[in-house]
Amino acid sequence: MVVVATLVALTLLSTAALQAQPPWPICETSSGNYTKNSTYKANIEYLASFLPQYASSNPNYLFASGSSGISPDVIYAIALCRGDTNASSCATCVAAAIQAAGEVCPLVKTVTIYDDPCIVRFSEQGFPIRPPYDTGMTITWNYENLSAAVAPSFEAATARLVNATVEYAAADQTTRRFGTGEAPFDDEEFPKIYSLAQCTPDMTADQCRSCLWYIIGRFTKEFFAGKKGGRVLGVRCNYRFETYPFFYGRPLLQLQPPNGPSPAPASQATGEGITDNRSKVVAIAVPTIAAVLITFIACWYCLWRRRRLAAKALQLKSTTPDDIESIGSLLLDLSTLRVATGDFSEHKRLGEGGFGVVYKGDLPDGQEIAVKRLAQTSRQGIEELKTELLLVAKLNHNNLVRLIGVCLEENEKILAYEYMPNRSLDTILFDAEKAKELDWAQRFKIISGIARGLQYLHEDSQLKIVHRDLKASNVLLDSAYNPKISDFGLAKIFGRDQSHVVTNRIAGTYGYMSPEYAMRGQCSMKSDVFSFGVLVLEIVTGRRNYVSYNSEQDVDLINLIWEHWTRDKAINLIDASLNSNYPADIVLKCIHIGLLCVEQKPTDRSLMSAVNYMLNSNAAACLPPLSRPTIWFRETDDELNPKASISWGRTKTKSSRNEVSITEIESR
């Protein structure tokens, strides 16, 4: 049989003839090209290496999506195999399609390959589940026309069959979102009509229906009128009808003639000779109702059990029913996170903290996430995970990182956050070249955003929260450089009437800890204010507040700025990468506010609400006067000074590209 195919381009303004048999490639040259030795090319090759395996790893799913790299070289991929094929055929088809993409569309960034029985697409953009659904779509049809006498009844019968198959696929309980159908047709040449409908398994039933009805309504009349067969192949959904069987196995749905009984799945088809309609209804209805009830009870039990296990796994001493409900609503399957991160591949690794590794991931709906995986062998960090999970699930602010979900399966303890494409502040601010990306407007936006986030934690949220580990690596930046405070593993919840606590466990990061906390364990909101002041001074100067034993810097940043401030030379410390493109009065006001926040006495430091007022006020002259800030001692090696009595901890941290870190403390 000869098949003619047309390509519906992104704008639906042009068509192009394709070869008669698959594979059918679509090379979207408008998306641009990449070079042979580019990072984009390397990311494609990496994705290609695992996509066939993951698409076929679950025989009940036969679907995979993922990404490799970070902007601007990020590459996304999606693969879907037909629901009637097996895992081996799926892997073979996906591998062949990937090879065909490189041969037919060399160096093209966006390529779609439609093969039998799989679909593969590479693109520099993700694949969100939303209309329109006609991106990169291919339409094929049988060139043989129906006779004028047969066409009306054939089209009516086909419409009835396709409608039923769409509904079957959308409601598919096997999670494949796949259906095949068969219907009788009174014609000697083709006594039956066959159909197929499929969506990607990550779509809901309503999304699947919407996608299929969109492509059916848009293209059927225009391309398939009077045709014996046709198909629409899309990345998210596809359907097909023919006058011959083209899928494997028995049809999942068998329709009776129009004047016969209602459609029934093939496994329930009763054949001829049954005349007792009442018995038939009972025979079908009773097991159907029972199956629905059993399914509902099983789903309810599984959800209830997962939530109980989640709370038990964390051993939450103060967990309330609302807390358990919050955890249950955030649960993610381990299999989903494995696919999202390429099975926690090194290629997806973003960074490492004291308690585990952070990976970049891509959920089936196209959402990018940062996945923090606690090391299974580490006993440390469990309490921090409890704190972070319960806190972040309850917090909601534009300047706080958003928790997407949690996984507690197979002894894993994993948190998934929204992904921040510009990584953490320290990776840009303290790099001489990258710091040029941050002009003064962006730096001031970052300062103001951090201040708003802290005010929410201290004064505006339902809980009164002290972060305890505010630092540049725990400030993440989205695509517009909006700051989001992350890593609440060390946070403490205060009572509304509680001003401070005293703790024997000093946790935080050297250089950001306030003196009263580092020396005496006194923790309060003013501890966070001190850390904020250090951050402000770092953002203005582009320098770290280091004072380590082997440092070449004789004076820490705070006292360096104080010395310049008292001599009216603070302007000389402003980051040189700004190239004098800044309003001097606003920058000096920020330095003044930073120094106010690092005052030695906690009572002399302002609340964050007052800091926000000062940042947004034009009355720079009305800022409170300054006194000499805290003098930080240099870290002393115990072997050189055995009588040293400094009691703060030394932190161990590792660099990260999109850090969602936890700080590990070693006692002195």
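Good morning. The secondary structure of this protein comes to 15 helices and 26 strands; helices (H or I, at least four residues) and strands (E, at least two) are DSSP runs, numbered from the N terminus. The model is a predicted one, in which local features need pLDDT of at least 70 and side-chain atom pairs count only at pLDDT 80 or more, while totals for chains, interfaces and linings use all residues. Residues are numbered from 1 along each chain as its sequence is written, and side-chain values use heavy atoms, with hydrogens and water left out.

I begin with the whole protein. Of its 668 residues, 53% count as buried, where buried means under 20% relative accessible area, exposed over 50%, and partly exposed in between, with a 1.4 Å probe and protein chains only. A contact means heavy atoms within 4.5 Å. Among the contacts with a separation of 6 or more, 69% join residues 24 or more positions apart.

Let us turn to helix H3, residues 151–170. H3 has 20 residues and reaches 28 Å from its first C-alpha to its last, close to the 28 Å expected at 1.5 Å a residue; the expected span is 1.5 Å times one less than the number of residues. Which residues of H3 are buried? Among them are Phe154, Ala157, Thr158, Leu161, Val162 and Thr165. An α-helix has 3.6 residues a turn, so residues three or four places apart point the same way. The buried residues of H3 pack against helix H4 (205–224) and strands E8 (178–184), E9 (192–199), E11 (237–242) and E12 (253–254).

Next, two pairs of helices. Helix H10 (residues 440–460) and helix H15 (residues 608–616) pack at an angle of about 155 degrees, with their axes 8 Å apart. That makes H10 roughly antiparallel to H15. Here, axes are lines fitted to C-alpha atoms, for helices over the stretch in contact, and angles run from 0 to 180 degrees between N-to-C directions. Angles under 35 degrees count as roughly parallel, over 145 as roughly antiparallel, 65 to 115 as roughly perpendicular and the rest as oblique. The residues of H10 that meet H15 include Phe444, Ile447, Ala451 and Leu454, and on the H15 side they meet Met608, Ser609, Asn612 and Leu615. By class, this contact of H10 with H15 has six nonpolar, five polar and two charged residues. In this classification Ala, Val, Leu, Ile, Met, Phe, Trp, Tyr, Cys and Pro count as nonpolar, Asp, Glu, Lys and Arg as charged, and the others, Gly among them, as polar.

The second pair is helix H12 (residues 525–541) and helix H13 (residues 557–566), whose axes come within 10 Å and cross at roughly 65 degrees. H12 and H13 are therefore roughly perpendicular to each other. Phe530, Val534, Leu537, Glu538 and Thr541 of H12 make the contact with Leu557, Ile558 and Ile561 of H13. These residues divide into six nonpolar, one polar and one charged.

Finally, some details of the backbone. The peptide bond from aspartate 116 to proline 117 is cis, with omega near 15 degrees. Proline 117 lies in the loop between strand E5 (111–114) and strand E6 (118–123).

Leucine 62 has a phi near 50 degrees, a positive value in a residue other than glycine. Its place is in the loop between helix H1 (39–55) and strand E3 (63–68). Is leucine 62 buried or exposed? Leucine 62 is buried, with a relative accessible area of 1%.

Tyrosine 481, also not a glycine, has a positive phi of about 65 degrees. Tyrosine 481 is found in the loop between strand E20 (475–477) and strand E21 (483–485), and at 13% relative accessibility it counts as buried. Thank you.
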